[in-house]
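Thank you all for coming; I would like to take a few minutes to walk through one model. Please have a look at it first, and then I will comment on a few places.

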2 protein chains.
Amino acid sequence: VVIVGAGFGGLTCARALKRAPVQVTLIDRNNYHLFTPLLYQVASALLDPAEVARPVRSLVRPLANVDFRLGNVERIDLEARRVVTDRGDVPYDYLVMAAGSQTNYFGNRSLEAAAHGLKELPEALTLRNLVLRRFESSAWETDEETRKRQLTFVVVGGGPTGVEYAGAISELIRLVLARDMPGLDPEEPRVVLLEAADSLLGAFDPRLRAAAERALRRKGVEVRCGTQVAGVREGWLELGGGGRLPAATVVWTAGVRASDLAPGLAAAAEVVPGRQGRIPVDTALRLPGHDDVFVIGDLASYEVDGQALPMLIPVAMQQARHAARSIRDLIQDRRPRAFRYRDPGIMATIGRNAAVAQIGRLRLSGFPGWLLWLGVHLVNVVSFRSRLLVLINWAWEYLLFDRPVRLIVAARPEDPDSDRLSDRGRQPRKKR
Amino acid sequence: VVIVGAGFGGLTCARALKRAPVQVTLIDRNNYHLFTPLLYQVASALLDPAEVARPVRSLVRPLANVDFRLGNVERIDLEARRVVTDRGDVPYDYLVMAAGSQTNYFGNRSLEAAAHGLKELPEALTLRNLVLRRFESSAWETDEETRKRQLTFVVVGGGPTGVEYAGAISELIRLVLARDMPGLDPEEPRVVLLEAADSLLGAFDPRLRAAAERALRRKGVEVRCGTQVAGVREGWLELGGGGRLPAATVVWTAGVRASDLAPGLAAAAEVVPGRQGRIPVDTALRLPGHDDVFVIGDLASYEVDGQALPMLIPVAMQQARHAARSIRDLIQDRRPRAFRYRDPGIMATIGRNAAVAQIGRLRLSGFPGWLLWLGVHLVNVVSFRSRLLVLINWAWEYLLFDRPVRLIVAARPEDPDSDRLSDRGRQPRKKR
């Protein structure tokens, strides 16, 4: 069995195959598994990468039948039953595609160049460096107009990521940076959250949407619903109504689409991709016409009552367990069963002391919602060590209003070919 | 008072001026203070950046008269008494130059391109990513020759940094990666430490040098003393005797020189730089002919018995306190006193359970040396939080033989101009 992707789908599937009579190869382009719900805390300088990510090898170490490979999957050869990577081919008997999703810039190159995504660890680190750098630059800036633009942070997209990040960044500014920088006028920095629809958090109950919006405003975030973004340029946004918003930093959380592997996979299987480029699957989560290929998580479009299941971690994990069970069934010549989703509820946090949660008929907001959010996330952070460290960091920040990890630091850009020992030679590194 | 550099010298000086009737501006090109003695632990995936670095702003927060500025100092205008930075000029009455030192490639560009330094945080992160990537690549490699080269790590320079890093990387491989990668032949990876002199750790007592070498060999490091490096190319080293050593990864710790600000400063003051490009100073640590400019730490060459004091943290810190005292003296029209160095001893660690220490007449090696090293470093790690986290990480690794932070992750390269809001526009970011 080959599993492509070591996110929540791929990792859960590998774990669910622990006692199955199969040899599993797990392939990912990163050597870590990322706990995505806390990624925004990396981008707001609250957590360190090692606190939200774990090396895949240490996670699969207890699984005797799982081997990990770091590599970029280029395409799937369905005919020859091989996964083609930049490092070589890997043949499979059963394939589980769990390659996930990525930020969707809707093909707009200027948007992609001028805005920052918040889906992956390097993006989160880049954003953190950038936000901190804006404040350091503003300390030198004498032109008020320029300084205001430097200190305007626009988050586009009122989904959970946008809401969480806008709240976190506003707290970083008002609770931490304002104290760090004695010369800073606390009224100057602005955090603006833009949403095209009429309200934030469309997936939630209207009462919770209103509570989230109130909580954000209380934290100093300017919430603008019903506002389209017509274009993003270096230094400003063009709004749908024709207005302009000067802003040095734009975070784009307004779109997600399936992995770049989706179009090729769809074409090879001759299926039409669904919304967001996701691959339609049969009731057993298989690629139509290919009974040995499972597609799960964000990459898969599994419809219930005519609507695809949302791109959520519980969906990916439940589908992963189902795919693993189906593979065991197929090996024993049993027919795989149909997948059924059990909705565990949804939640989003709005910084310190506030969150909204919707679980079955339960609706929580404010501090009770936040306590629930805290509990659920602490229980689910992957390992004991992370849990302890995350707890220390959170407690530190909560009690002292301090962000311990606000360092501006980046590894030198890596030359992807440097470990291939090619004779081309590397570019001399720039002097700092 | 303007202080250039927020390392041990600059930071200590700012702290020593806390109660002086002066306004201090501290300038650094990074927004963090780095605890350099533990940098090699970042490069060997044992500690995270936030555990060995602290934001300068949070360190100077208790100092009411200190303002921090993030910027690159380009030169010092001694005539006009201004520090010229890429962000603007800063005038001074008194200047403390504490710009430190950097890796010395002796002007050899091919060496600089092919080898990796270990002096700064981005270098340590780059090295960590690289070492982990080598192992991941080797898992795909079928050619034995290539695989052996991928798994050969050469550290050039038998000083404390080289000894510490060679020991740490050998432990990373033998204790952690060997368990993470079931397919890895534990005999294949090699760690080679090259030193041109006849023994390692030239500054230490001969008995301790021998103890260090034995400890390294026990940990699986190949120690080759009396071996010159004639050249480093992509994939191999040329040795002095004419031999060749195939190795994908070369770490260069064999040379250190003063900051790039030194030549300009020496020329402006019309003094001849000393060994390693360091600036000669008078007995009060001042630039000759410029009574308002102090030069301290690695940047300064202060001779005792005809020999410059070594580039060590205690030297920088004692000189910083002395410079601060002299500034207070000058303000009160008193003559500054001559600087005298009190040697607190030196130490170096060779991984788990082994270190060498030389304090006054005391000589410690092996486990007692290591306990002393541990104590001294824990006491000196800058803040309580780091101390606690570092202790947790160390305990974790010590008890479980696990490296918790071995993630391969880099922030996207930053465009240094991107926060200036120029109209040039950024390069579109590459798709991953």
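Predicted model: local features only at pLDDT ≥ 70, side-chain atom pairs only at ≥ 80, totals over all residues.

Residues are numbered from 1 along each chain as its sequence is written, chains are lettered from A and ligands numbered from 1 in the order in which they are written, and side-chain values use heavy atoms, with hydrogens and water left out.

Let me begin with the helices, which, like the strands, are DSSP runs numbered from the N terminus (H or I of at least four residues for helices, E of at least two for strands). In chain A, helix H6 (residues 121–140) packs with helix H8 (residues 160–180) at an angle of about 40°, and their axes are 13 Å apart; axes here are lines fitted to C-alpha atoms over the stretch in contact, and angles run from 0 to 180 degrees between N-to-C directions. H6(A) and H8(A) are therefore oblique to each other, a class that takes what remains after roughly parallel (under 35 degrees), roughly antiparallel (over 145) and roughly perpendicular (65 to 115). On the H6(A) side the contact, meaning heavy atoms within 4.5 Å, is made by A:Leu127, A:Val131, A:Leu132 and A:Phe135, and on the H8(A) side by A:Tyr165, A:Ile169, A:Leu172, A:Ile173 and A:Leu177.

Turning to chain B, is B:Arg57 buried or exposed? B:Arg57, which lies in helix H4 (residues 56–60) of chain B, counts as buried because its relative accessibility is 7%, where buried means under 20% relative accessible area, exposed over 50% and partly exposed in between, with a 1.4 Å probe and protein chains only. Apart from neighbours within four places in sequence, B:Arg57 is in contact with A:Glu136, A:Ala139, A:Asp180, A:Met181, B:Asp67 and B:Phe68.

Finally, some backbone angles. A:Leu285, in the loop between strand S19 (279–280) and strand S20 (286–287) of chain A, has a phi near 70°, a positive value in a residue other than glycine, and A:Leu285 is buried, with a relative accessible area of 0%. B:Gln276, which is not a glycine either, has a positive phi of about 60°; B:Gln276 lies in the loop between helix H10 (261–269) and strand S19 (279–280) of chain B, and counts as partly exposed at 32% relative accessibility.
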